[in-house]
Amino acid sequence: MNTNFNILNIAKNTLKAESDAITRVSDFLNNDFIQSVEAIFNTKGRLIITGIGKSAHIGQKIVATLNSTGTPSLFLHAAEAVHGDLGIITKDDVILCISKSGNSPEIKVLVPLLKRDGNILIGMTGNESSFLGKNSDFVINAFVDKEADPNNLAPTTSTTVQLALGDALAVALIEMKKFTATDFAKFHPGGALGKKLLLRVKDILDENNKPAVSTTSTIKEVIFEISNKRLGVTAVLEKNEIKGIITDGDIRRMLEKSTDLSSITAKDIMTVNPKSIEINSKVEDALNIMESFQITQLVVTNNNIYAGIIHLHDILKEGIVS
């Protein structure tokens, strides 16, 4: 029976074997890798990635990475390709075929079909002398000495290397395309990063619930407005111009100092020059202002006209921060 110590050693040895394999394979990178990246970058079509078995799963992940970083890609299962799915390939597409051995029956059948219309074929294989290696325009060497499993059978180290090489392709293309965080966000509008970079204040602002009082409003009117709109704050306006804000904290501090409320108006307790943000600004900018000044609300303006209040809770609900 394995002890806890042995289990940890097995795990550490597995990780070391795979990391060492990635380090070794980096030495195999050559001009074929450069030409592969350039072919993908310059194509007017898409990158079609194909494979079978565990290599097919790796291919699907590489497709997902490339699509999310600006390189249009499709996955074509090697077994399904010969039963009609070859139709997804156009004359402008570049094809990447992934196979550890490069000699599996499905690959031998598929490769001539992939090349018949003159498409560029990139082979990612652990055997450059294989059928795939010899028939590819460019070869990305994914050779590994052995798998991490004790029987040297289960695809472990080999698939890790394939995955890492796919990431290397993707990152090289990101650099060549000058693909930015903003570009990335466009493909991930539902994620936290996408929202941080794309979501605007106007997208989450409730313009029908904008608390406001005049400079001459009584304390009772101010309290009613703050309570009614439930944002913990109200803007103070004079002829539609923002003169200040009053928070529920201002009300509490005022009550601690004064017992005679009859003559106090909004103008007497408001904070002038409140922090504000334009309605078309990014929500991320609003969050940064709140964090910088340790506040939970911001006055929102639209061409310097009062548009409402954005609260930290509105931002939290969008999942931009945890």
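User: Why is Ser158 called buried?

Analyst: Ser158 has a relative accessible area of 3%. Buried means under 20% relative accessible area, exposed over 50%, and partly exposed in between (1.4 Å probe, protein chains only). Ser158 is therefore buried. This is a predicted model, in which local features need pLDDT of at least 70 and side-chain atom pairs count only at pLDDT 80 or more, while totals for chains, interfaces and linings use all residues. Residues are numbered from 1 along each chain as its sequence is written, and side-chain values use heavy atoms, with hydrogens and water left out.

User: Which residues does Ser158 touch, leaving out residues up to four places away in sequence?

Analyst: Ser158 touches Lys100, Val144 and Glu147, where contact means heavy atoms within 4.5 Å.

User: What makes the pair of Ser158 and Glu147 a polar contact?

Analyst: The side chains of Ser158 and Glu147 make this contact at 2.6 Å. A polar contact is a pair of N or O atoms within 3.5 Å; within protein, one must be able to donate a hydrogen and the other to accept it, and residues adjacent in sequence count only if both atoms are side-chain atoms.

User: Why does Val272 count as partly exposed?

Analyst: The relative accessibility of Val272 is 47%. Val272 lies in strand β9 (residues 271-272); strands (E, at least two residues) and helices (H or I, at least four) are DSSP runs, numbered from the N terminus. Leaving aside neighbours within four places in sequence, Val272 is in contact with Lys243 and Gly244.

User: How do you know that strands β1 and β2 pair?

Analyst: Two strands pair if DSSP finds at least two bridges between them. Five bridges join β1 (residues 47-51) to β2 (residues 73-77), and the two strands run parallel. Within this pairing, Thr50 stands opposite Leu76.

User: What makes the β-α-β unit right-handed?

Analyst: The unit consists of β1, helix α3 (residues 54-68) and β2. A crossover is right-handed if, with the strands pointing away from the viewer, the path from the first strand over the helix to the second runs clockwise. The unit in this model is right-handed.

User: How does the radius of gyration of the protein chain stand against that of a compact globule?

Analyst: The protein chain has 31 Å, whereas a compact globule of 322 residues would have a value near 20 Å. The radius is taken over C-alpha atoms, and the globule rule is 2.2 Å times the number of residues to the power 0.38. The C-alpha atoms fill a box of roughly 95 × 55 × 35 Å, taken along the principal axes.
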